[in-house]
Amino acid sequence: MLVVTTASNPGKSRRRSQIGLAVAGGGPIGGIYEVGALRALDEAIDGLDMNALDVYVGVSSGAFVAAALANRLDTAEMCRIFITGDSDQFRFRPEDFVRPAIFEYLRRLAGVPRALLGWMAEFARNPFQMQLSDSLLRIGSMLPTGLFDNDAIERFLRTAFTSHGRSNDFRELARKLYIVAVELDSGQAVRFGAAGYDAVPISRAIEASSALPGLYPPVGIDGRYYVDGALRATLHASVALDAGADLVFAINPLVPIDAVHAHTLGKNSPASLVEGGLTAVLSQMFRTLLQSRMQASMPKYARQYAGSDLLLFEPDSDDADMFFTNVFSFTHRERLAEHAYRTTRADLRSQAGTLAPLLRRHGLRLRADVLGDESRTLLAGIATRPARRTRATSQLHRALDDLDLALERGPRKPRAPARTRRKVSTPA
């Protein structure tokens, strides 16, 4: 489903529109969906270079997708890394996402004797005032803060962003990149990559942004703890709009399902989600919360950013494939990526009449040959692999890209010294 929010007060024509990308979370499968959708946009829109946008914003699993694009990892190579597994640059191992948090378990276990002694002492002092709720709270403090270890994820990202001419430093990127996380103890959103928060390694920022409470432990950075950025907002597209984007492409992979409609259409969905048990009910609840916040934000974007256009890509409400696939399963990642690729192209084709003038205003054009080719597949488009690059040739390509960008944008004002920047949290 494509939701188009058209600028009610387009700005005056300029030499080049500022284009941004905002990518929401959704676990590993959400990231796979986003890769498939981005590959479709990359192929179907002439003039759109996914590695040369002006601003990238990522949340949770979408944080890696955004950071990879900002770091010159193109959509074809991302497909090879995460979908087909035949990339010669990185070896992606799904098991890294579901390793038990052994050290967190041991840390909590070490505190059990002291907690029990405290509980026994309190009981001895007030044997008739202790309540079951008090006991449950004490037991809760002994439980680990996350089931899975996210250190392996950070190590993979650090390797990906420190090889082949890429960088793990926000300040070295040619494009703006913002990774949104939530500071646990204040509940405020923080934009890693913004002034005051740009010294944090990109891999560490992504680890923080994707630390979904209950599944992954909070991530400590400079004495503070951070969790999944989706706790404050689903998409944080306002970050890209605040950065001056005239056009924002946004992707949100998790939406609630209309099970009744899907069942009526003969899709692989029960007539009621009750039949799916607790997991289906909780999934619907979580997705509905994300969707409701998204729907509440859209009018604000139209009102507050009247000079900008926003294109939001989401699965359809009857998309049983996206709803009933385990978000931590990689078994069907090739099928789901192809599904996202095809539905995104179908969305572009169905709204081509609306999109054509909007995209033209930003120097872009829909490719009718790509959208009209029903036989076109995701995997066919990545069959031809580029020549393997050495470290030296990768650095050379990066330098040439930086030179092209500098010539295109003209002279830039010198950046303020680090000591003058204030550390300010800017909630989206």
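**Entry 1**

I started at Val-190, which sits in strand β6 (residues 189-192); I take helices (H or I, at least four residues) and strands (E, at least two) as DSSP runs, numbered from the N terminus. This is a predicted model, so I note that local features need pLDDT of at least 70, side-chain atom pairs count only at pLDDT 80 or more, and totals for chains, interfaces and linings use all residues. Residues are numbered from 1 along each chain as its sequence is written, and side-chain values use heavy atoms, with hydrogens and water left out.

Is Val-190 buried or exposed? Val-190 has 0% relative accessibility, so it counts as buried. My cut-offs: buried is under 20% relative accessible area, exposed is over 50%, and partly exposed is in between (1.4 Å probe, protein chains only).

Glu-183 belongs to strand β5. Glu-183 comes out at 9% relative accessibility and therefore counts as buried. I listed what Glu-183 touches, leaving out residues up to four places away in sequence: Gln-188, Val-190, Arg-224, Tyr-225 and Tyr-226. Contact here means heavy atoms within 4.5 Å.

**Entry 1: the chain as a whole**

I counted 16 helices and 11 strands in the protein chain. Of its 428 residues, 48% are buried. For contacts between residues at least 6 apart in sequence, 79% join residues at least 24 apart.

Why do I call β4 (residues 55-59) largely enclosed? Five of its five residues are buried, so the rest of the structure largely encloses the strand. Val-55, Val-57 and Val-59 point one way from β4, while Tyr-56 and Gly-58 point the other way; all are buried.

I then checked the pairing, where two strands pair if DSSP finds at least two bridges between them. Strand β2 (residues 19-23) runs parallel to β4, joined by four bridges. In that pair Gly-20 is opposite Val-55. Strand β5 (residues 176-183) also pairs with β4 in the parallel sense, over five bridges. There Tyr-56 has Leu-177 in β5 as its bridge partner.

**Entry 2: cores**

A nonpolar core is a set of buried Ala, Val, Leu, Ile, Met, Phe, Trp, Tyr and Cys residues joined through side-chain atoms within 4.5 Å. Which members touch the most others in the largest core? They are Leu-177, Phe-192 and Phe-249, out of 80 residues. The element giving the most to this core is helix α1 (residues 27-44), with nine residues. Another core, of 24 residues, lies apart from it and includes Ala-22, Val-55, Tyr-178 and Ala-230.

Not counting residues up to four places away in sequence, Phe-192 touches a set including Phe-170, Leu-177, Ile-179, Val-200, Ile-221 and Tyr-226.

**Entry 3: helix α2**

Helix α2 (residues 61-70) is mostly covered, with 10 of its 10 residues buried. Among them are Ser-61, Phe-64, Val-65 and Leu-69. Just after α2, I found Arg-72 with a positive phi of about 70°.

Most residues other than glycine have a negative phi. Asp-222 is not a glycine, yet its phi is positive, about 55°. I placed Asp-222 in the loop between β7 (219-221) and β8 (224-228). With 63% relative accessibility, Asp-222 counts as exposed.

His-236, also not a glycine, has a positive phi of about 60°. His-236 is in the loop between β8 and α9 (237-242). Its relative accessibility is 1%, so His-236 counts as buried.

**Entry 4: the cavity**

I searched on a 1 Å grid over the protein atoms alone, where a cavity is a set of points where a 1.4 Å probe fits but cannot get out, and lining residues have an atom within 4 Å of a point. Points are joined across faces, edges and corners, and a volume is the space filled by probe spheres set on them.

How many cavities of 30 Å³ or more turn up in the whole structure? I got one. The largest cavity has a volume of about 40 Å³. Its lining is Thr-5, Leu-241, Tyr-301, Ala-302, Tyr-305, Ser-308, Asp-309 and Leu-310. Elements α11 (277-304) and β10 (309-313) each give two or more residues to that lining.

Note on methods. On a 1 Å grid over the protein atoms alone, a cavity is a set of points where a 1.4 Å probe fits but cannot get out, and a pocket is an open set with protein on both sides within 12 Å along at least five of seven lines; lining residues have an atom within 4 Å of a point.
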